[in-house]
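Subject: Structure handover

Hello,

Here is the structure for you to look through. My notes follow below.

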Amino acid sequence: MPNYILYAIPKILIMVGFLFNVGGILTWVDRRQSAMIQDRVGPNRAVIKIGKFELRLWGLLHPAADGVKFFFKEDFMPPKADKLLFSLAPILAMIPVLCLVAVIPFGDTVCPDALIQTVGNVTQLPNIARSGLCTFDPRTGLQPIDLQIVSLDIGLLFVFAMAGQGIVSAAISGWSSDNKFSLMGALRASSQMVSYEVTLGLSVVGALMIYGTLRLGDMVRWQSEHAWGIFVQPVAFFIFFAALVAESKRIPFDLPEAESELVSGYFTEYSGMKFGMFYFAEYMEIVTSSMLVVTVFLGGWGLPFVHRDGITIAFGEGMLAQLPLPHLVVTVFGVLAFFIKTLTLCWIQTFVRWSLPRFRYDQLMGLCWKVLLPVSLANIFVTGVVWLLLDMAPPFVGNMLQLVGDATQGFVAVLVTFLVGSAVFGLFRSRTKDPRIIGASAELVRSAGKSPQSPMQA
Amino acid sequence: MMPSILALMPMLVIGFGALALMLAEVLTDAKTGLAVGTAVVLFTAAAFACAGWMVGPENLGDAAVFAPWLVFDRFTLFFEVLLALSGALAALVAGGYLREHGIDRGEFYAILSFSTLGAMMLAAAGDVLMLFVGLETMSIGAYALAGFRRGSPKSAEGALKYFLLGSFAAALMMFGFALLYGATGHTDLAGLHNALASESLRSPSIVIALALVLAGLAFKVSAVPFHMWTPDAYEGAPTPATAFMAASVKAGGFAVLLRVLLTVFGDERSASWATGWPPVVALLAVLTMTVANLVAGRQESIKRMLAYSSIAHAGYLLVGVVAAIRAPAQAQSAVLFYLATYSVSTIGAFAALVLCGSRGAEVVSYEDLAGLGRRHPAVALPFAFFILSLAGMPPMAGFFGKWFVFKAAMDAGLHGLTVIAFINSVIAAYYYLKVFVFLYMREPAAGAPIAKPMWSGEVVTAIALCAFFVLLLGLAPGAVLDAALAVGGAG
Amino acid sequence: MTIGQVYFYLCAAVALFGALAAVCAKSPVRAALGLLMMVLAVAGLYLSLDAQFLAAIQLIVYAGAIVVLFVFVLMLLGHTPLVGVGDGSPAARILGATGFGAVALAAMILSARNAEPTNFPAALPAGFGSVGEIGRLMFTQTLVPFELSSALLMVAVVGAVAVSKGEKPVIVAAASVLAPPGAAPKPGESQ
């Protein structure tokens with residue numbers, strides 16, 4: 001078996017494993033967090049009872065319980081449904097999401113022979129050069145390993161190609177269900193997704209022009225050398241993120257499955273594991289879209305000032321500090337950084353659900369075609385003009401830009417430290433002492449003159 | 001650099017002019033000037049093409065930077081002038097018609113301009129890729145124009161038929177070119193010609209390719225049996241769009257037909273009577289003329305009659321194309337001259353038809369024309385005039401067009417074909433004269449709805465220009481004929 | 001058989017099956033899915049020809065947009081089985097299909113037997129099929145058709161607007177699907 005296939009298997013396991021697990025946990029996060037925001041307890045009944053010992057894990061067992069339930073539920077199919085298409089649709093919903101992660105890099109290229117070296121009896125963790133090239137050792141025959149299942153030349157285009165296939169699933173599930181709510185949901189879903197796909201593709205063009213590549217790995221490298229995409233292309237970032245949320249049909253863009261209007265949209269008629277697949281694909285889509293945003297705009301596996309040879313804090317020409325780190329450590333940092341960034345973004349996406357109201361359908365389409373699309377076209381134009389001007393600019397402008405880029409790295413470092421610090425501080429703050437933490441509904445109940453205790457239990 | 005820009009100027013003027021007109025429509029909300037604006041843009045383009053002609057393509061040396069995509073020879077320049085003029089005349093007609101019929105939307109002019117641009121690309125195409133881009137630009141514009149009267153089911157029906165069949169024909173043609181590419185490895189027309197002319201290449205796929213390309217082209221020029229869409233599309237479309245389709249789209253189709261048949265398939269084997277396309281095209285010509293003229297006589301609707309008349313004219317033109325294998329220069333210039341006369345005559349006829357009716361009182365059938373010559377002689381006269389030209393009556397342009405094509409066919413030794421064409425033009429006189437009978441010798445039945453002429457300065461201008469060209473080509477054909485001969489000599 | 005050949009025959013078989021399904025399926029949505037299948041398989045064939053970019057574009061444009069629009073339109077039309085396809089008698093249809101198929105088959109066989117590709121490169125140039133190389137070609141060698149195709153897109157866009165927007169269409173048989181039978185479409189619903 002060729003080496004690259006051999007290497008691909010663990011990478012696939014890592015990515016798909018992450019996808020499945022985080023997707024599952026996200027269902028819990030979504031529900032639990034909704035409960036917290038609405039001042040209720042949320043799912044906490046799933047329990048494994050062994051004798052007197054009860055394993056609850058704050059409701060973390062719910063995804064597993066749901067999974068078991070999906071498998072044993074009746075697999076109902078409407079009598080007039082198109083049987084083949086009805087069964088095909090959930091599969092088609094899952095496949096693109098799974099394929100999509102193939103091109104997403106979760107770490108920098110690893111030089112296997114530079115991870116751990118044993119010279120005599122001494123095991124050491126060597127460093128490698130910042131340039132990123134591996135010193136290839138013909139004796140070991142180990143090739144450098146991309147921490148990416150496959151590095152395609154068409155990179156991002158592959159992502160779009162796969163993302164586009166999801167629309168078919170929504171369309172045929174609604175059509176084959178023989179239910180007008182499903183049909184309306186499918187109509188809404190497919191027109192929404194087709195529309196936002198245009199915006200999605202056009203919004204990143206500016207970023208692509210700057211990165212000069214479609215390979216996602218090279219995009220991350222560019223970002224760790226210069227500045228994160230969110231600073232280089234802020235407009236593109238917001239449009240891209242909005243379009244991605246719309247593509248995954250989440251609030252505030254969840255018109256296709258607006259429960260107050262369409263029961264559950266195009267998968268109204270689905271039950272059992274088929275429903276589970278739609279449900280689960282949606283959460284996995286959150287994960288993949290987060291991965292994508294992280295890779296294209298948030299520096300991927302990159303951390304501020306961390307390079308392949310270690311930490312180098314420098315602003316332009318001025319070097320402030322340098323700390324060489326072994327290759328192994330840097331690689332692990334990178335992989336962790338990627339996954340933590342992804343998780344954070346997933347969390348933000350679930351958070352958005354309770355922060356923004358749902359659009360009306362014409363507003364949704366209007367937003368896409370009349371706001372986001374023109375803005376992303378303008379973004380491309382402005383990027384091109386600026387790019388041309390920079391080409392003609394004297395060299396000091398380039399140095400200035402490098403300085404600004406380094407400053408953004410510093411900004412990110414400070415911001416993240418601050419946010420993590422305040423989060424930790426907030427977690428350890430006593431609930432009872434801080435009156436702000438008492439829920440708003442408790443406040444309401446108290447003002448109504450009733451007992452402040454537990455106004456709503458799950 | 002300058003000469004190359006000059007060569008490209010007609011296309012640039014139309015492209016940017018159309019964009020500017022669209023912006024003008026959005027920003028100023030003034031619709032009245034759009035027709036005149038479009039006409040000005042297209043006339044300017046024609047003027048630039050004339051300037052290119054004066055300079056001479058051989059002095060446009062730098063235009064070779066566009067090779068092999070665009071070829072700027074006299075053939076191209078002739079068609080650029082012709083297409084720009086027909087487009088401008090159609091735009092003028094549209095100015096009056098659209099306003100009268102309450103469909104005065106600025107898109108019409110943009111589509112018309114871009115479609116003209118596409119036809120120009122088609123005439124200038126030196127590569128299959130460019131040919132296809134031009135073909136589609138022209139055709140998609142024509143489809144949209146055909147379906148422009150959105151409220152009318154007839155318009156939608158015609159446009160849909162035109163669109164479906166047109167796409168199918170384009171696909172056939174593309175498949176043919178794909179086979180050619182597979183057999184030769186070339187997409188540029190000159191390279192294809194060289195490859196086909198070489199004795200070593202004898203692939204059956206070339207024959208299939210020829211058949212497919214011919215079918216696609218025959219569709220574009222609406223030759224029988226690929227003409228089914230024509231009457232419906234012409235009838236349903238707004239009349240100025242019909243005029244545009246009958247003149248510009250047909251001219252574009254013949255440009256590419258000549259280019260492909262005489263350049264790509266112009267080698268010994270393909271262009272010989274025994275082994276190549278000439279008998280097929282001759283058959284198409286005979287079928288086209290005969291069927292179209294016979295069916296045209298049975299039409300009730302004037303527009304359908306004119307549609308079949310335009311099919312018949314394609315038949316005469318195909319006779320000229322066949323003649324080009326024996327007498328290339330003469331026949332080709334005859335075809336070009338015929339196209340010029342036909343274009344101005346047919347646009348003039350449609351313009352006069354527009355003028356004959358007004359909103360709610362349009363001229364649809366022969367009956368509607370009854371007595372018009374007595375009631376409104378000023379309106380009936382131009383219609384009669386252009387019908388005479390289409391019929392090929394001597395002092396008009398149409399006569400000389402036919403004369404040169406038939407003469408070229410005779411000189412090429414195609415006696416049988418010439419006789420058939422001649423008989424056909426006699427048959428055609430029947431339905432053209434029927435128009436006269438209704439215009440001047442009938443009175444409308446009591447209580448029948450009668451057509452009320454409209455008034456529009458733009459349409460009258462268009463009619464005046466068409467009449468001028470018809471008389472010019474009929475009485476003093478020298479200049480244009482010399483130009484057409486110069487094309488033939490150069491090509 | 002090498003892996004490459006297996007891959008080719010697999011893709012080709014799927015493409016043929018998809019095309020057949022697109023032609024033969026009774027339900028229009030199934031036909032559209034057959035088309036989708038063919039499009040995907042052809043994208044696979046492009047991949048085997050080192051044309052990654054083309055494959056991706058095929059997926060994005062054809063599978064992701066065009067087939068979806070087909071399905072979309074079919075959904076708007078509702079559950080209408082294909083009735084009245086072909087006015088001719090079955091015999092005429094079979095004859096036509098056989099004739100056309102025979103000609104196509106003969107063309108293929110003859111072309112394959114006489115295949116003498118003349119000036120195709122023996123080895124692929126560096127960067128063949130890559131995005132960068134295609135972009136370079138597009139903006140240098142084929143700049144003229146590339147730029148002029150903007151006119152094509154422009155006329156298509158304007159044309160689509162022209163035939164779809166404007167005066168109210170005469171409703172022939174629309175709106176009968178989503179509205180229950182007997183319910184008259186409300187004014188303004190026709191758009």
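Two residues count as in contact if their C-beta atoms, placed from the backbone, lie within 7 Å. By that rule, chain A and chain B do not touch. Their nearest C-alpha atoms are 16 Å apart.

This is a predicted model: local features need pLDDT of at least 70, side-chain atom pairs count only at pLDDT 80 or more, and totals for chains, interfaces and linings use all residues. Residues are numbered from 1 along each chain as its sequence is written, while chains are lettered from A and ligands numbered from 1 in the order in which they are written.

Two pairs of chains touch.

Now the contact between chains C and A. Chain C puts in 21 residues and chain A 25 residues. On the chain C side, α2 (28–48) and α3 (52–77) each supply at least two residues. α3(C) gives the most, with 13 residues. By class, that side of chain C has 16 nonpolar, four polar and one charged residues. Nonpolar means Ala, Val, Leu, Ile, Met, Phe, Trp, Tyr, Cys and Pro; charged means Asp, Glu, Lys and Arg; the others, Gly among them, are polar.

Chain C itself has six helices and zero strands. Helices are DSSP runs of H or I with at least four residues, strands runs of E with at least two, numbered from the N terminus. Of the 191 residues in chain C, 23% are buried (20 or more other C-beta atoms within 10 Å of the residue's own, all placed from the backbone). Among contacts in chain C with a separation of 6 or more, 47% join residues 24 or more positions apart.

Best wishes

Methods:
Buried ≥ 20, exposed ≤ 12 C-beta atoms within 10 Å, placed from the backbone.
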